Amino acid sequence: MSEIDLVPLHNELARFIPLGRSGLLPALHAAQKIYGWLPQEVAAEVARSLRVPLADVHGVIEFYSLFYNEQVGRNFIRVCTDQACALKGADNLLGRLCKHYDVEPGQTTKDLSLTIERSPCLGLCEQAPVALVDDDAQTNIAPDFKSYDLGIPRSLVYGSMRKLTANCGNGTTTLAKYGEYSAYKKALSMTPEAVIAETDKASGLVGRGGAAFPTGIKWGGAAKAQADQKYVVCNADESEPGTFKDRVLLLDDPHRTIEGMCIAAYAIGATKGYIYIRAEYPYILPVLENALVEARSAGYLGSHFDIEIRVGAGAYICGEETALFESIEGKRGFPRVKPPFPTTNGLFDKPTVINNVETLCNVPLIISIGSAEYRRIGTEKSPGPKLFCVSGDVAKPGLYEVPFGVTLREMLKMAGGVAGKKQLKAVLFGGAAGAFATSAHLDVKLTFEDLRAAGLPLGSGVIMVFDETRDLRDALKRLGKFFAHESCGKCYPCQMGTQRQMEILDRVANGSVLPGDFVRLEDVGWTMTDASLCGLGQTAASAVLSAMKLWPELFVEESKVENKKVSRVSKVSKAGKKAVKKDVSKISKVSKVSKAKPIKVKKIVKAIVKKSRKAATNKK
């Protein structure tokens, strides 16, 4: 007979039963809150109550990293070791913490009182190093743990303008402080077509989550679709290392996002909305719930349009729109094949508009001041304000609101420059799925068109700074581990590619490069980019490929001999056989230079990279 008392679970499951399978994630969250984990008996009861096959329930539990089917501690400490926190000594913090409790990362103390985990990005990059202690954010942790901030994290908001962040930086904005939904009321006095026109070419608004898809086209497609039910979904699952803008917007000014969703719902004819928020933001949940209650009491939400919150469970892939739909529907977060597109076949196979938080916050601004006035901000091809998440080796990390068009140099000057009066080594643009820049890019304007011309992605607005002392091989290693961990495994190019990429980057970081690793890394990167099903795999190698162009010497193992010459050249790449075709037909011949004259590493690398780039260009 089971020793687990299922009575408390029965009481919780009653409210999820009407949702059927779509209630699976919230039901599992509720069950795990009761028992601390999800034993077999609990999973079986959830399956029976929601009428979901038990195998599917186990599949969901095993897919999401924050669901546990084995006994864990009554309390949790999750230490972020992704790039921004790593720059601030997160690995040492984790090591000291584990030593104190006599456990390894991922283990639980013998008395089951505590589990300590190494966590992917917690969205607190500007206050690194950080941890999540149960539901509280622990930020700015001192190396000796004697000082830190615990609880709801502060919002550090700066920049040259305050349009989107007007209510941010001073705690949560209640409805009484926010005021009436004036933009929504103005939208209701317009036709839905006119509202869509304002968000289309009139304002030039494009998605701020990274894809930069025109908002008006998305809304127009959903409005034209014929269906008995339509949905508006807010993608608040920001999990890109270095990104934290959605956290600040939702925590400090939740009504701006809700108002944007109300306007979108009116424009396309939707009656139901969802805010999908990542589980690593537990302290935002009560803030959002209270804001929804306030909006319902004021009549902005109700029978005509209402919003439900769904909490993820630790899966970066659910930031991809169709994977997010699958998650809301109670499934593993696997991306769907497109077409069909969400505007006709989205959530529950119904027409759906999905926008991220920053995009939705732009909507009330556009409607309230008008598209013409909105276009006065920014540039012709990149109109409006933009939020940038600045972290790493800067004097003043935080969320910066600026008009499109400021330069990287100006942005870094606002942030106080490189910390410690050190020199700039690199900037990671756009997050883990972005690309590296150097001091040569300081005068590039931060617009879609200028960054594109410079070969840099705007992405999710990440600007992560590395000073001259940093070893970028360690940064690349962490990026490799991140994508290998977060790949959902649905498509083979990403599933296998992220693993191979991680293995090679591990060797690069450890100084144990193998013959052919340079070209292997390129081949893996381009294969993922060209053949992966969704944006995760398509961008998993972006930063790595950019680093290979900028610093090819990082991927070469140098033997320390007299005059900085080598008798054994990296073990560089099979692309080298083309670069030095006259003398060598295979890279193995290059790696056995000991039998020939000493060759300087940089000359070999230069030839290899030149030929590799030419090959890549021909491939395209």
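Strands β8 (residues 272-277) and β9 run parallel and are joined by 6 bridges; two strands count as paired if DSSP finds at least two bridges between them. Helices here are DSSP runs of H or I with at least four residues, strands are runs of E with at least two, and both are numbered from the N terminus. Keep in mind that this is a predicted model, where local features need pLDDT of at least 70, side-chain atom pairs count only at pLDDT 80 or more, and totals for chains, interfaces and linings use all residues. Residues are numbered from 1 along each chain as its sequence is written, and side-chain values use heavy atoms, with hydrogens and water left out.

**The parallel sheet**

**Overall make-up**

- The protein's secondary structure comes to 27 helices and 15 strands.
- Of its 620 residues, 57% count as buried, meaning under 20% relative accessible area, with exposed over 50% and partly exposed in between (1.4 Å probe, protein chains only).
- Take the contacts between residues at least 6 apart in sequence: 71% of them join residues at least 24 apart.

**Cores and covered helices**

- In soluble globular proteins, nonpolar side chains tend to be buried together.
- The largest nonpolar core has 148 residues, and Y64, W219, F436 and F555 have the most contacts inside it; such a core is a set of buried Ala, Val, Leu, Ile, Met, Phe, Trp, Tyr and Cys residues joined through side-chain atoms within 4.5 Å.
- Helix α12 (residues 254-268) gives the largest share of this core, 8 residues.
- A second, separate core of 27 residues includes V390, Y400, L456 and V465.
- W219 is also among the buried residues of helix α10 (residues 215-224), together with T215, G216, K218, G220 and A222.
- The cover over those α10 residues includes α9 (192-202), α12, α14 (321-328), α15 (342-345), β10 and α16.

- V465 lies in strand β15 (residues 462-467) and is buried, with a relative accessible area of 0%.
- Leaving aside neighbours within four places in sequence, the contacts of V465 include L87, S391, V418, A426 and V427.
- V465 and V418 are 47 residues apart in sequence but 7.6 Å apart in space, C-alpha to C-alpha.
- Strand β13 (residues 424-429) is mostly covered, with 5 of its 6 residues buried.
- β13 pairs with β15 in the antiparallel sense over 5 bridges, and A426 has F466 in β15 as its bridge partner.
- β13 also pairs with β14 (residues 435-437), again antiparallel, over 3 bridges; V427 has A437 in β14 as its bridge partner.
- β13 and β14 form a hairpin with 5 residues between them, and G430 in the turn has a positive phi of about 85 degrees.

**Cavities and pockets**

- Searching the whole structure turns up 3 cavities of 30 Å³ or more; on a 1 Å grid over the protein atoms alone, a cavity is a set of points where a 1.4 Å probe fits but cannot get out, a pocket is an open set with protein on both sides within 12 Å along at least five of seven lines, and lining residues have an atom within 4 Å of a point.
- The largest cavity has a volume of about 120 Å³, with grid points joined across faces, edges and corners and volume taken as the space filled by probe spheres set on the points.
- Of the 17 residues lining the largest cavity, S239, R278, E280, A315 and Y316 lie nearest its centre.
- The second largest pocket has a volume of about 1300 Å³, and α2 supplies the largest share of its lining, 7 residues.

Key. Contact means heavy atoms within 4.5 Å.
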